[in-house]
Structures are given as structure tokens and as C-alpha cells.
Amino acid sequence: MEISPNEGHHFRFNAMFDRCSHPAAGREGGLPGLPGNVSLSDGTQLRSKGTQEVPSGQRLVLDMPGGGGHGRPEERDPALVARDVANGYISVDEARDVYKHPVATTPAE
């Protein structure tokens with residue numbers, strides 16, 4: 001998510017974001033979720049807590065954290081992994097490297 005001030009203005013906000021330093025844990029062999037991130041559009045890292053400023057010409061960039069997985073990835077049904085690739089939820093490389101399932105390199109029709 002990106003939020004910007006009106007042209008020529010800045011804004012201050014009170015950050016109260018969780019799961020930036022400690023992403024959600026997986027369960028029953030599932031992998032942890034991805035951490036969240038708070039930054040400016042130029043790449044400057046901001047704190048996940050406390051009052052901060054977004055200067056004129058910049059955008060606040062919020063990368064939302066992901067939830068932890070449930071169950072061992074390599075035990076996921078190969079048909080469901082292929083469906084996730086076809087829908088763009090995961091890449092072919094992720095299907096191979098994380099889920100240990102070979103899938104077609106082109107999405108199914």
C-alpha cells in the first residue's frame with residue numbers, strides 16, 4: 001500500500017505496525033510468513049512504531065506481513081500447487097524450490 005501527501009505538502013503519522021521484526025510462525029511444519037515493512041518510496045527504511053514524517057514528493061510504502069503456513073509445503077497436493085502457479089500466487093521456481101513439485105512453465109488454460 002502506498003500513501004502520499006498532496007503535492008507540496010508533507011504529513012506525519014503514528015506507526016503502530018506489527019509483524020515487521022517477528023513474522024507470523026507456521027504451524028505443523030508450515031513456513032513462517034513474510035515480515036511487513038515500512039519505508040519511503042526512495043527506499044528509506046522507517047520504524048514500525050512511533051511518530052514519523054513523510055516529506056513532500058515521497059510516498060509511504062507499507063508492505064503487509066504474510067501469515068504463516070499450515071502443514072509441510074512438500075505435502076501439498078501437486079494439483080493445488082499447479083493451480084497456485086496458474087493463478088499467479090506462487091512462481092514456478094517457488095513450486096519447485098519450496099513445494100518440491102515440478103509444474104508446467106505455462107499456466108493451464
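In the predicted model, Pro 55 is partly exposed, with a relative accessibility of 30%. This value places the residue in the intermediate class because buried means under 20% and exposed over 50%. Pro 55 lies in the loop that connects strand S4 (49-54) with strand S5. When neighbours within four places in sequence are set aside, the residues in contact with Pro 55 are Pro 5, His 9, His 10 and Leu 40. By contrast, Leu 80, which is 25 residues from Pro 55 in sequence, lies 44 Å from it in space, C-alpha to C-alpha.

Strand S5, on one side of the loop that holds Pro 55, belongs to an open sheet of three strands arranged in the order S1-S5-S3, with antiparallel pairing. In general, strands of a sheet pair through backbone hydrogen bonds, in either a parallel or an antiparallel sense.

The pairing of S1 with S5 (residues 60-63) is antiparallel and comprises two bridges. Within this pairing, Ile 3 has Leu 60 of S5 as its bridge partner, while Glu 2 is placed opposite Val 61. On the other pairing, S3 and S5 run antiparallel and are joined by four bridges. Here Leu 40 has Leu 60 of S5 as its bridge partner.

How values were computed. Residues are numbered from 1 along each chain as its sequence is written. This is a predicted model: local features need pLDDT of at least 70, side-chain atom pairs count only at pLDDT 80 or more; totals for chains, interfaces and linings use all residues. Side-chain values use heavy atoms; hydrogens and water are left out. Two strands pair if DSSP finds at least two bridges between them. Buried means under 20% relative accessible area, exposed over 50%, partly exposed in between (1.4 Å probe, protein chains only). Contact means heavy atoms within 4.5 Å.
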